[in-house]
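This note sets out some points for a colleague who is about to examine the model. The points follow the numbering below and may be checked against the structure as displayed.

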Amino acid sequence: MSNKDFYEILGVARSASDDEIKKAYRKLAMKYHPDRNQGDTEAEEKFKEVQKAYDILSDKQKRASYDQFGHAGVDPNMGGGGFGGFGGFGGAQGFDFGDIFSQMFGGGAGGGRQQNYQGADLQYAVEITLEEAAKGIKKRITIPTYEECDVCHGSGAKPGTSASTCSTCHGSGTIHVRQAIFQMQQTCPTCHGTGKEIKDPCVKCRGEGRVKTSKTVEVNIPAGIDNGQRIRLSGEGEPGMHGAPSGDLYVVVHVKEHKTFERNDLDLHCEMPISFAIAALGGEVEVPTLDGKVKLSIPKETQTGRRMRVKGKGIKSLRSSAVGDLYCHVVVETPVNLTERQKELLEEFEKISTGMERSQTPRQKSFFDKVRDIFD
Ligand SMILES: [Zn+2]
Ligand SMILES: [Zn+2]
């Protein structure tokens, strides 16, 4: 055994209290306990060191002797004489590991659960048009996935051989590691949680039991689906390893921006430019909807910003029989590229309109009234 300083071994100060020594010891003893470090000779040595240091420092008389004489004061092999008889490493004296473990972890550190090797959930984005969202559509999508290896039929072992129980975790798929005094379960690094060790792996799948491939899935996208909504296809995700169930496939729907319509819940909105003449005189215009054009009558004296509703031409609800409406937002459009004749007529119109602002253009009148209020 080494002659390392006992205080150093436990990582405590020379002035440490009995309590501090005990705490440090518990921590280290758990870390290096042979049950937890099977086959690790370095840990075993450390454990013995820790044990010995604690044997000495937890005993008032031995500690005093060690403080005064160093190793010579406590170790019979060091020759010091006189103080002999303490013996060497003698196991976990005065300290019951069972107690600590059951206190800390509610009844023993055994157990360990077979790692769940269920396949991963997959997410796939699909882009559709607003028309497709409104009517619903079947989409075929091709997704990368795995399938059972046809050479080893999923076992991962070369044909004619078979997997054996993992020697590291004894088939449980997990090992116990400690951080400070807490014990945690970790996936076994040897078998990666399968609990099985493949000595002679299948050449095609390299022991995984599955190979990469792609599959085509038909997705039924229901009428009324909105941008960002997900459709879950149970069991269509990645297949599990070693016979575990497959994950789910989530199809996230992205609805492309539409050049005419904007969706807001079940309603659709669009801008509706109309001519100055129609706006003034009223008339009929054709407006597009997601299923063909409809005629809409514009009342006379319609202003920009007026909202006209076309009932039932929105989106059908995904969950109920409700259907949204289409709202057309009027924009009175200033004509461009006028012919000479049109200009003449408009100039004449303007001439005969002078002096009639009060009754004919109430907004203009109120606007100029305000300007006057500010500057006069
Ligand atoms: Zn294989
Ligand atoms: Zn293992």
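**Notes on the predicted model**

1. Three strands form an open sheet in the order β1-β9-β8, and their pairing is mixed. From one strand to the next, the twist averages 25 degrees.

2. Strand β8 runs antiparallel to β9 (residues 249-255), and four bridges join the two. One residue pair may be located directly in the display: L233 has L249, in β9, as its bridge partner.

3. Which residues supply the protein donors of the zinc ion (ligand 2)? They are C166, C169, C188 and C191, each through its SG atom, at 2.2 to 2.3 Å from the ion. Along the chain, these donors follow the spacing C-x2-C-x18-C-x2-C.

4. The geometry of this zinc site is tetrahedral, with angles of 104 to 116 degrees among the four donor atoms. For reference, the ideal angle for four tetrahedral donors is 109.5 degrees.

5. E357 lies in helix α9 (residues 357-360). Its relative accessible area is 35%, so E357 is classed as partly exposed; that class lies between the limits of 20% and 50%. When neighbours within four places in sequence are left aside, E357 is in contact with P362, Q364 and K365.

6. Some totals describe the protein as a whole. The model contains ten helices and 15 strands. Of the 376 residues in the protein, 34% are buried. The protein exposes about 23,200 Å², and carbon and sulfur atoms supply 48% of that area.

7. A final point concerns contacts along the chain. Among the contacts in the protein with a separation of 6 or more, 63% are accounted for by residues 24 or more positions apart.

Key. Residues numbered from 1 in each chain as written. Chains lettered and ligands numbered in written order. Predicted model: local features only at pLDDT ≥ 70, side-chain atom pairs only at ≥ 80, totals over all residues. Heavy atoms only, no water. Pairing = 2+ DSSP bridges. Axes fitted to C-alpha atoms, helices over the stretch in contact; angles between N-to-C directions. Buried < 20%, exposed > 50% of the residue type's maximum accessible area, 1.4 Å probe, protein only. Contact = heavy atoms within 4.5 Å. Areas by Shrake-Rupley, 256 points an atom, 1.4 Å probe, with all protein chains shown as cover. Donors = N, O, S within 2.8 Å, 3.2 Å for Na, K, Ca; no water. Tetrahedral: all angles 85-135°; square planar, octahedral: opposite > 155°, others 65-115°.
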